[in-house]
Amino acid sequence: MKLISSDTHVWIDFLTIDRLDLPFKLPLIYLMNHEAIYNELVEPKGLSKKLLDLGLQGTELFEEEFFLAEVYRQRYQKLSVFDSIALAIAKHRVIPLLTGDGALRKAAKKEGVEVIGTIKLLDMLFENQIVDQIEYVECLRLFLTHNGGFIRLPTDELLKRIDQFE
């Protein structure tokens, strides 16, 4: 199974459309620093427990990751402590980063880290036949309906995918 360093944004997206379980059906192991799980995943209440029950795995930082996160905090002023940690884990362990955060995506790109976001994760679910066309389009529509609130996805990308099936 492929490891992925996880940020919070994507989980909020899937929770908002009541599909939090879907990403855990992929052959992926999502890692998040223990402190981030218990300090960043506090809203909505119970999110950290739900994610842990679904399979999110807490991880400790290696010494190199701790120092690398500090470098990223100084280099990229818009990153939170936990964003910097997620990026450091991905970079050090040479694994993709799961995020929807714009500043974190830009920093990851500059650091040569592969980024997977909400839409790509949904595409992977469809490509791997974990969701069928009907559920895929329904998820896209739900993301579109909630876009602009907790969900902040590129509307044109959502519409482009929906239009493929209409």
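The legends below describe close-up views of a predicted model.

**View 1. Helix H7 and its surroundings.** Helix H7, which spans residues 118–127, is mostly covered, with seven of its 10 residues buried. The buried residues are Thr118, Ile119, Leu121, Leu122, Asp123, Met124 and Leu125, and they pack against a set of elements that comprises the helices H1 (9–16), H8 (133–146) and H9 (155–163) together with the strands S2 (28–33), S4 (97–98) and S5 (115–116). After H7 comes Gln129, a residue whose phi is positive, near 55 degrees.

**View 2. Packing of H7 against H8.** The two helices pack at an angle of about 170 degrees, and their axes lie 10 Å apart. Because an angle over 145 degrees counts as roughly antiparallel, H7 is described as roughly antiparallel to H8, and the crossing of H7 and H8 is right-handed. On the H7 side the contact is made by Thr118, Leu122, Asp123 and Phe126, which meet Gln133, Tyr136, Cys139, Leu140 and Phe143 of H8. Sorted by class, this contact of H7 with H8 has six nonpolar, two polar and one charged residues.

**View 3. The largest nonpolar core.** This core has 54 residues, and those with the most contacts inside it are Tyr30, Leu87 and Leu121. Helix H5 (residues 81–93) gives the most to the core, contributing seven residues.

**View 4. The contacts of Leu87.** When neighbours within four places in sequence are left aside, Leu87 is in contact with Tyr72, Leu79, Leu97, Leu104, Ala107, Ala108, Glu111 and Val113. Leu87 is also one of the residues with the most contacts inside the largest nonpolar core.

Methods:
Residues numbered from 1 in each chain as written. Predicted model: local features only at pLDDT ≥ 70, side-chain atom pairs only at ≥ 80, totals over all residues. Heavy atoms only, no water. Buried < 20%, exposed > 50% of the residue type's maximum accessible area, 1.4 Å probe, protein only. Helix = DSSP H or I, 4+ residues; strand = E, 2+ residues; numbered from the N terminus. Contact = heavy atoms within 4.5 Å. Core = buried A, V, L, I, M, F, W, Y, C linked by side-chain atoms within 4.5 Å. Axes fitted to C-alpha atoms, helices over the stretch in contact; angles between N-to-C directions. Parallel < 35°, antiparallel > 145°, perpendicular 65-115°, else oblique. Left-handed = near helix turned anticlockwise from the far one by under 90°. Nonpolar A, V, L, I, M, F, W, Y, C, P; charged D, E, K, R; others polar.
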